[in-house]
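Today I am opening the notebook on a new structure. I want to look up a helix and some ring contacts, and jot down what turns up.

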Amino acid sequence: MDPLSSQAIDVSRIDLAIIGVYLVGIVLAGVYLTRLASRNIDSYFLGGRKMPWWLLGLSGTASYFDVTGVMWTIAFFYIMGRRFLWIQWEWGFITMACFAGFMGKWLRRSKVMTGAEWMVIRFGDGTAGQFARTAYAVMAVVISVAFIGFAEYGCGQFFHIFVPRFSPHTLAVTLMAFTAVYTITGALSGVVLTGMIQFFLILLGSVILIVMALGMSSYDLLAGAVPPEWFGFAPIWHWEHLDKWEMTTGYSLFLLLTIVWVTKGLFLSLGGPQQLYDMQRFLAARSPREAGKAGMLWGVAMTPMFMVSAAVGVIGLIKWGGNLPHPEKLYPVVIGTMLPVGVKGLVLAGLLSAFMSTFSSTVNAGASYLVRDGYQQFLRPRAGSRELIWASRGASLLTIIAGIVVGMQARHIDTIFAWIMIVLGTAVLMPNVFRWFWWRFNGWGYAVGTLFGVGSAIASAVWFADVPVYVSFFVLLAISVTTCLVASLLTPPTELDTLKDFYRRIRPPGLWGPVRAAVLSEDPDTPVDSFAKDLLSAVIAGAGLHCLFMSSCYACTKQWAAFVWAFVAVALSAVILYFTWYKNLPDADEGLADD
């Protein structure tokens with residue numbers, strides 16, 4: 001086998017011209033949208049809540065498809081085979097099914113601008129509600145900065161292979177500067193509309209790579225490069241194969257880690273968005289019905305990410321064997337050495353799109369919390385629209401700078417991502433679940449649980465970084481549950497009028513008996529959603545999406561019987577969802593008259 005080397009990478013002037021035209025075009029498009037974003041702060045962060053569901057869904061997909069995350073996913077497919085889907089649970093890849101089934105419409109019904117502002121309609125405008133709002137804003141800014149750092153590190157490492165004369169951080173900062181132009185000026189309108197263009201470039205690159213993989217792939221060749229367990233899917237108790245790579249050191253107790261990943265993913269799905277920019281997409285939808293449809297399209301459109309992961313992973317195994325020390329470098333080497341002139345430029349433009357979409361979405365979301373829940377709430381409550389727009393641009397710039405500083409501290413691609421998803425994500429997990437499903441959970445419980453969680457996550461990174469995930473996860477989860485429950489039970493419940501208003505607006509399920517009874521006694525005709533149907537739809541959608549994502553893996557490994565069965569399962573899921581989900585979406589006019 002040839003060694004994996006970037007020495008043969010060549011980017012022609014034609015490829016550079018394609019990339020240059022794309023960069024100039026996308027920045028000009030974003031600047032043109034400045035006038036749409038400058039009407040008021042609602043237009044800046046939510047596009048005036050007039051964006052169609054298909055645009056929100058496709059742009060949301062593009063924001064999930066970041067260069068760093070795809071490099072990470074390719075590496076895990078290369079190492080684990082189909083079992084790489086288990087680790088995807090840690091970022092809640094099945095969450096889109098819950099977005100479609102119930103979470104999207106709940107978020108849109110709240111009619112707020114940020115997740116922190118949502119705390120006021122749930123916990124009231126008193127001290128407890130404002131404390132919860134501030135705690136959420138702190139968490140949101142920390143997550144946004146961490147995600148920008150993740151993007152900065154991975155993007156710099158990726159493009160450094162193509163342009164070695166500049167350092168990775170120089171390249172990343174330069175690309176961020178380009179993206180910042182339309183992100184800061186065009187705001188969410190620019191982010192969403194350019195995100196749609198970026199999705200189709202990503203799709204084109206994904207199709208090209210999977211066609212290449214199909215031309216090279218052979219089940220027999222793959223079987224000679226990987227152990228037999230690589231083709232399986234069920235979790236293995238002890239998988240020594242994983243100890244050969246830095247990224248998966250300590251992952252050999254695979255079954256324990258799978259329990260952690262799945263548990264975290266399930267609670268994440270029930271707690272609502274933690275990646276923050278996804279929440280913006282649903283708040284910006286025209287209605288709860290369109291929010292649900294955007295969630296379903298978002299999930300289906302994620303397929304190209306798994307297409308690329310399987311295609312590049314298979315190409316790497318066939319061409320370079322199964323023992324590469326740094327499989328995260330496969331992506332740039334495959335593109336730089338195996339794609340023809342012109343096609344290479346298109347694919348690289350698509351990858352720039354992926355980076356720019358994720359980066360711009362994260363910056364816009366993080367800035368919204370700094371302005372709406374910091375600057376406007378505490379410093380300038382009477383600020384006019386023009387002042388808030390300029391404050392939003394300044395907050396975007398500060399968020400970018402902080403993210404760059406974080407990215408410069410990362411050791412390798414998995415460092416920041418693992419901290420965000422498992423450490424920080426777990427530490428603030430349960431307050432976000434309780435807020436939807438239990439009436440007695442109050443603002444004090446949310447704020448204390450969240451702030452203790454953020455503090456525990458930072459302490460874990462500083463002093464306990466070497467503790468195994470299957471230990472730290474349950475410790476952080478216990479801290480989160482204990483602190484938020486104790487704080488809630490030791491403090492007064494939220495006022496009943498606030499809870500009744502929240503229930504009428506959102507129609508949440510779970511332990512809402514006293515509030516539900518009070519609402520129905522006043523207005524027996526208050527609509528009540530069937531959470532059983534919503535949850536059934538989410539489960540079926542999750543299974544269908546899982547089979548859809550797996551289909552590209554089966555195709556690339558030439559497992560055609562499994563490929564056919566996967567598509568049969570997808571088709572069956574779609575038929576069932578027509579009756580359980582589509583026909584039970586909220587009315588088309590819900591949420592339109594009073595917005």
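Which residue lies over the face of Trp239? I looked it up, keeping in mind that this is a predicted model. Arg83 lies there, at 5.1 Å from the ring centre. I also noted Arg289, which sits over the face of Tyr582 at 5.6 Å from the centre of that ring.

Next, aromatic pairs. I found 38 of them in the structure. I picked out Trp118 and Phe502: their ring centres are 5.5 Å apart and their planes stand at 90°, so I logged the pair as edge-to-face. Trp118 belongs to helix α8 (residues 115-123) and Phe502 to helix α23 (residues 496-506), so this contact ties together parts 384 residues apart in sequence.

Then I checked burial for both partners. Trp118 is buried, at a relative accessible area of 0%. Phe502 counts as buried too, with 1% relative accessibility.

Last entry: helix α4. This helix covers residues 53-64, 12 residues in length. I get 17 Å from its first C-alpha to its last, close to the expected 16 Å. Is α4 enclosed or open? I count 10 of its 12 residues as buried, so the helix is largely enclosed by the rest of the structure. The buried ones include Leu55, Leu56, Leu58 and Tyr64, along with Gly57 and Gly60.

Key:
Residues are numbered from 1 along each chain as its sequence is written. This is a predicted model: local features need pLDDT of at least 70, side-chain atom pairs count only at pLDDT 80 or more; totals for chains, interfaces and linings use all residues. Side-chain values use heavy atoms; hydrogens and water are left out. Helices (H or I, at least four residues) and strands (E, at least two) are DSSP runs, numbered from the N terminus. The expected span of a helix is 1.5 Å times one less than its number of residues. Buried means under 20% relative accessible area, exposed over 50%, partly exposed in between (1.4 Å probe, protein chains only). Rings of Phe, Tyr and Trp (its six-membered ring) pair if their centres lie within 6.5 Å; planes under 30 degrees apart count as stacked, over 60 as edge-to-face and the rest as tilted. A charge sits over a ring if NZ of Lys or CZ of Arg is within 6 Å of the ring centre and within 35 degrees of the ring normal.
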